[in-house]
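Hi,

Here is the structure I promised to pass on. Have a look at it first, and then read my notes below.

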Amino acid sequence: MQNFIFLIDRFDGTNSWRQRYEFPHKPGMTVLTCLIHIKENLDPTLNFTASCRSAICGACAVRVNGNALLACDTMVDDLREQWGDGPLTVSPLGNAEVISDLVVKWDEKVNRLRLANPGLHAKKEFSAHEGCRQAPQDMQAIQKQWDCILCGSCMSECNKLSDSSKDFLEPFTYTHAARYAEDSRSRNPLEHMENMEKSGMWKCLHCMECVTKCPKGISPAGAIASLRELAFKAGHTDGPGPRHADAFRTDLENTGRLNEVKLVPRTEGMVSAATKRLPFTLRMFARGKLGPVEAARLFVADNHRVEDHDGLKRILKANRK
Ligand code: SF4
Ligand code: SF4
Ligand code: FES
């Protein structure tokens, strides 16, 4: 079997470089045991974090070939099956400030997590004597989200966060907000949701990178969807986010087809859509991306229902319950 070759992105606080390490293949090595091997035998200056070595603490998450994973829970032979026997590039988590080599800064992330108001604030009916009992089905509804180990893999690959962290939080923050907001013992679900509404939950791009990268099989995108549902149920239907979701649903209920021309004014309001989007629309016309026939077709598309639209309506109706 060929040697392992790791290309590791290094950073010493000032300079960045990519360093090559080559060492003999041993079956059963994880990414973390390789990093430890490098540190103990080849280069004591290499910095990374790890603790439990059992996929519990979340400290060892790194990116390999651009995909976040838990170093202690990933066999290098499995990666080779996926990527071939060539070099593996190991980098620090994305969407985070790098302190040194593979070590990233968590202070700001933890502060932002506090916006979810984490912690169970139980209803008054629970007594100190009996504690907070919960029916098994209520516990199962939030059980998956309890598995979050704050490894940051979802954050690393979140496309919305890469675009801007000013109007969006780390995906795991929404997971934690949903976990408490949906807890049947919670005194006031809205106290976990309020800041999420202000901090981007309507701006998720639905790219699903957080879902595919979570080593615990959690869906932060699903948590965002749950929070949005809670917002609707609480009557928080104003603003571009809720209006956009409502416009989607209306199109699905009417025809099953998305009418993108109408979606914009429904989301942003006629005046805003006309002033903000008109120049863009005119540029599309000017460059031949949109012609009068296509535009007219989009406006009358409501009349053309998708095949088995009644089936779709039944799904939507079931989903409302
Ligand atoms: S689905 Fe949303 S939260 Fe998840 S990675 Fe994509 S943009 Fe981020
Ligand atoms: S949701 Fe998953 S990927 Fe994100 S921090 Fe928690 S365990 Fe890690
Ligand atoms: S070392 Fe704790 S999760 Fe990997």
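How many Å separate the centres of domain 1 and domain 3, taken over C-alpha atoms? The separation is 45 Å. The bounds come from an automatic or database domain assignment, which gives domain 1 (4-104), domain 2 (107-233) and domain 3 (240-320).

A quick note on the ground rules: this is a predicted model, where local features need pLDDT of at least 70, side-chain atom pairs count only at pLDDT 80 or more, and totals for chains, interfaces and linings use all residues. Residues are numbered from 1 along each chain as its sequence is written, while chains are lettered from A and ligands numbered from 1 in the order in which they are written.

Now for ligand 1. It has 13 residues around it, and the closest are Cys158, Lys160, Cys204, Cys207 and Cys210 (being near means a C-beta atom, placed from the backbone, within 6 Å). Helices H6 (159-163), H9 (209-213) and H10 (220-233) each give at least two residues to that shell; helices here are DSSP runs of H or I with at least four residues, strands are E runs of at least two, and both are numbered from the N terminus.

You'll find His206 in the loop between helix H8 (190-198) and H9. His206 counts as exposed because 11 other C-beta atoms lie within 10 Å, and the cut-offs are 12 or fewer for exposed, 20 or more for buried and partly exposed in between, with C-beta atoms placed from the backbone.

Cheers
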